[in-house]
Structure formats: C-alpha cells, structure tokens
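Hi everyone, thanks for coming. Let me walk you through a structure that may be new to you.

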Amino acid sequence: IWVAALREFVMAGNRAIFVIGNHDLELHYPGVQAAILEALALPPEWVSNVVFNEFFYLSNQDTLIEHGNQYDPYCVCQNPISPFIQKFNRIEVRQPFGNLASRYMINGMGFFNPHADSNYIMSLGEYARFFVKYMARTQPLIIWTWFWGASMTLLQSFLDRLLPEVKDPLQIEDKVEEIARRANATPRMVRELLELKVHPASSYPLVIARELWLDRAFIVLVFFMVTYLVFVTVKLMWSISLFWLFIPLFLFLPFFIFYAKSISSKTFAYKEPKEGVLTTAAHITGAKRIVYGHTHIIRHEMIGEVEHLNCGTWSPAFKDVECTLPYGQKNFVWIEPDEEGGRRATLFEFLGTRARPVFRQAPQLKRHSRRASS
C-alpha cells in the first residue's frame, strides 16, 4: 500500500526525498536504492524525481530537513560521506551503538518494544516488576538472553568503531559535491554540517557497559566469585554451615541497590539536539527553519530567528505490553506558501483520513532568547 501510494505521489509530478537517519542506514547501499526504485516501477523519465540524501536536505533554500540522529552519540552515523567498513569478506554500513543493541539484544527479548525507549529503559525496580509480570513463566532465562546480547553489543560496537572507512581519497571531493547537489546545498555546507555531529558513544566502552547494565552484572559476578572462593577456602580449614555464605550477600545487597539507583541512562539526555547546534546549522545553510525528528517529541517554536519543528513520531506507541494504553501523537509537518510570498510551516496530527493542527497559534518569536545563545 505504501509503495503504491508513493508511486502515485511521484507520478502526480511530485518529488520523493529520502533523508537517511539511524533507522534506515541501509539506504546508503546502492542496491537498496535500486530495489526501492524497482518496486516503484516508475517510467524512466520519472526516476529522477526520487532522491536519496545522505543526512540532510535543503528545501527551497529556507528549510533545513534532517533526521536528527547526527546529534545523538548513541545513534550517530560516524561519517555519512563514507559510511562503509570492511568486515571479513563483505562491506557493511557502520552501525551505531543503538542499532547494534536492537540487533543483538532487544530483538531477542520478546516483550520489549524496540521502537519506544520507555519500553526498555527502566529502573532496577521496574525491571523486576516487568520480569515477574510478563517473563517469569514465558521467558525464565531472559537474563541469559540479555547478558549474551549485551556482551555481543558491547564487543561489536567497540570493534566496529576501530575499523577504518572504505573510501577512495581521489573520490572524496566528488562525493561531497554530489551530496551537495542532491541536497540543494554547497560542498562547504556539507563539510560544515558534518562538523556539527557528535562523537559516537562506541568510543567509550564504559559508557556503553553502563547503558547495557553490564557494569552491574560484572560487580555481581565478581562478588559471587570472591565470596565463593573465600567460603571454600574457609571450609577447608573449619567445618562451617552453608548459611554463612548468605551473610555477605545480605551485606552486599544494600550497597548494590544504592549503586544501581545512582546510575541513570543518558539516552534521553542526548536525544534532544542542543539549540545552539541547530542555530549554527541554520547559519551554515542560510535556513530560517529546521525540521527534524528522531526524538519522538513534538516541537514547534521560534528560538532567535530560527523556527524549530519536530514532527514527533508517525507510528503508534504504547505504555504497556498489551498495547492498550496508547500515548503520543502521530504527526507530520506541512509547509505551504503564505500570503506574503514566503512559506509557513504547520505541525499536524493524523486523525484517520483527516488532520488537525497540533498548536492553534503560531509560536512566538523570541529574538533575545537566552536558550538560543547557549
């Protein structure tokens, strides 16, 4: 249905612009792009109306469109100009930590929804209640699935980070110029926007280990090993009851709970891009409006001279495993000509076959906003 609708959209004289983000990094493969064009079955004269952009698109010279993952260290594409790495006997797209976590860990853990962070990033108590309620009878060995998947994620993300990019130095500038042409930008814009990306989290294995709870698993494992060795050593000299083995456990438990509660995930802190970075991106491209997603948080406001829009999410999200408690909105950004010869942007919510504006009034301009200058 989606492919047929997109084909009808293009055949009506419109252009379909793909802006690659962390959810669809495979669009960097020429073969994937060719498969999409083959599925659309467009006449040869219409094929040029489908464009694949590496990480941004400049619409009508006034709107910068990005996915937003370049500002998230857990989801950043390390180099969208040269995204490929050599692995054994094949070439792959370098996957960020978040993608590898979904591939090796979350996808094997059944009840956790990989498309909503709040469904798998929890506190120690929330994980315990979730296990008792949903997994104790159906997936009693889920701890092993998590430990193996988390260990593979940590190892793979660190090893992939060390692999060099597959690139031809003689073609780099040609690729930059081609990216600029498809994005309605200049080569200088491409290079400067690329400098705004954050450093990938895969450079810091300890940070990743904390996100995966492997640091807590390591502490527990070391504690049990040391306790067991001490108990066995003492038992060789004196005959003591197995009961004494549980005393260190009771003493250790409060300290472990305190440590576990003192560490919180930084995933949400990194999700929303810094307003200073977005303002710089607007200055680089000359845009007066920036549209992005990634964070799944709707947004429409003026910061300084730049209009910020975040369409939130297009897919339904639920607070519970049974999918009975929906939350959030399914939104899109609509840009159209205004009465003054320019263009205006509106954030709409999908309502079946119709839509309604999310905000009734346009955002107020804050020319001297302290947040904009940070």
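I'll start with the whole chain and then turn to one strand.

A quick word on where this comes from: it is a predicted model, in which local features need pLDDT of at least 70 and side-chain atom pairs count only at pLDDT 80 or more, while totals for chains, interfaces and linings use all residues. Residues are numbered from 1 along each chain as its sequence is written, and side-chain values use heavy atoms, with hydrogens and water left out.

The protein chain has 12 helices and 14 strands; these are DSSP runs numbered from the N terminus, helices being H or I with at least four residues and strands E with at least two. Its C-alpha trace spans about 90 × 50 × 45 Å along the principal axes. Of the 374 residues, 41% are buried, meaning under 20% relative accessible area with a 1.4 Å probe, protein chains only.

Now, strand β9, residues 306–310. Why is β9 largely enclosed by the rest of the structure? Because five of its five residues are buried. On one side sit V306, H308 and N310, on the other E307 and L309, and both faces are covered.

Who are the partners of β9? Strand β7, residues 289–292, pairs with β9 in the parallel sense over four bridges, and V291 stands opposite L309. Pairing here requires that DSSP finds at least two bridges between the strands. Strand β8, residues 299–303, runs antiparallel to β9, joined by five bridges, with R299 opposite N310. The β8 and β9 hairpin has two residues between the strands, and G304 takes a positive phi near 65 degrees.

Note on methods. Buried < 20%, exposed > 50% of the residue type's maximum accessible area, 1.4 Å probe, protein only.
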